[in-house]
2 protein chains.
Amino acid sequence: MNTNVRVPQFAGKECDMSNWDAGNCPVRDVINQISGKWSTLLLQALAERPYRFGELRRLVPDISQRMLTQTLRELQRDGYIDREVFPTKPPSVEYRMTELGMSLFLPLSQVLDWANANHAAVKAARVRFDAEA
Amino acid sequence: MNTNVRVPQFAGKECDMSNWDAGNCPVRDVINQISGKWSTLLLQALAERPYRFGELRRLVPDISQRMLTQTLRELQRDGYIDREVFPTKPPSVEYRMTELGMSLFLPLSQVLDWANANHAAVKAARVRFDAEA
DNA sequence: TATCCCTAGTCTCTTTTTGAGAGCGACATA
DNA sequence: TATGTCGCTCTCAAAAAGAGACTAGGGATA
């Protein structure tokens, strides 16, 4: 076993590459949850204001109920959102972001901004790649 | 069709929620690619220095060759990394980050830093959630 | 009164994605 | 001769995701 593993720098901090296996790496443990297909989308919505289940479903038209429930539960489990049930006649459930979720969304929104700003460049790269292949 | 859709703010910019379906949303188009299980991990590695295929495989022990090849191709297609083949006797292939990739990694590394810093809080939230369930 | 719809899910079934592992071809080492 | 190295690709099994039916209890509609 190699103990002299390279230690890459990013943003001034170290990341121990000797434990990049799933179990030990904090980054992977956190990122794997929020890197799902729907997670960032829901975080983006809930960062703006609280939403109810059905509202989120209509907001993201191509998510299935199954994945919406599941993704919300995972985000709740990791402490990014809260789930509040109101015992109205058709029962209603509201999801809202926590402090932790907001603190995550701060850097995350920078990435979303980057995506907006550089979408054209990415699309151009795809065209180039597909042309020469 | 509802044209008066709420427009959430994040980081001072607008995101048109009326096209949150997969085809039209720039954010989803960009994010969906880099939100794979392995993408951020490989970007993180290649942000530090160029790596060869086998090096990456050893660095991320639990990735399959299939997913490593596939994820690298996708990152290459979107213009984040370059692939250079050296016709040595056992052929060697080097992957290195592009300018575009580096510009993405700038905000992305902020999220990775957040993950490092808040791993404990996330784990605590999980324990709390699992206890009351 | 019978029928429908609303809510926030769960359950089942099918399709897509991922993982585990073999094979490849040319050359180096033991 | 046998085995290992390189960067893949291929096949088959397992896991994850998507589509859609079903639930309960009350309110509105016909």
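The following legends describe close-up views of a predicted model.

**View 1. The protein surface near DNA strand C.** Of the atoms of DNA strand C that come within 4 Å of the protein, 67% belong to sugar and phosphate. By residue class, the surface near DNA strand C holds 7 nonpolar, 6 polar and 7 charged residues.

**View 2. Elements that supply the surface near DNA strand C.** From chain A, α3 (53-59), α4 (65-77) and β5 (92-97) each supply at least two residues of this surface. From chain B, α4 (65-77) likewise supplies at least two.

**View 3. Polar side-chain atoms of chain A beside DNA strand C.** Arg83(A) places a polar side-chain atom 2.5 Å from a phosphate oxygen of DNA strand C. A polar side-chain atom of Arg52(A) is found 3.1 Å from a sugar or linking oxygen of DNA strand C.

**View 4. Strand β5 of chain B and its pairing partners.** Strand β5(B), residues 92-97, is mostly covered, with 5 of its 6 residues buried. Strand β4(B), residues 81-86, runs antiparallel to β5(B) and is joined to it by 6 bridges. Within this pair, Arg96(B) of β5(B) stands opposite Asp82(B), and a hairpin of 5 residues connects β4(B) to β5(B). Strand β3(B), residues 51-52, also pairs with β5(B) in the antiparallel sense, over 2 bridges. Here Glu94(B) in β5(B) is the bridge partner of Arg52(B).

Technical notes: Residues are numbered from 1 along each chain as its sequence is written. Chains are lettered from A and ligands numbered from 1 in the order in which they are written. This is a predicted model: local features need pLDDT of at least 70, side-chain atom pairs count only at pLDDT 80 or more; totals for chains, interfaces and linings use all residues. Side-chain values use heavy atoms; hydrogens and water are left out. A residue is near a molecule or strand if one of its heavy atoms lies within 4 Å of it. A polar contact is a pair of N or O atoms within 3.5 Å; within protein, one must be able to donate a hydrogen and the other to accept it, and residues adjacent in sequence count only if both atoms are side-chain atoms. Helices (H or I, at least four residues) and strands (E, at least two) are DSSP runs, numbered from the N terminus. Ala, Val, Leu, Ile, Met, Phe, Trp, Tyr, Cys and Pro count as nonpolar, Asp, Glu, Lys and Arg as charged, and the others, Gly among them, as polar. Buried means under 20% relative accessible area, exposed over 50%, partly exposed in between (1.4 Å probe, protein chains only). Two strands pair if DSSP finds at least two bridges between them.
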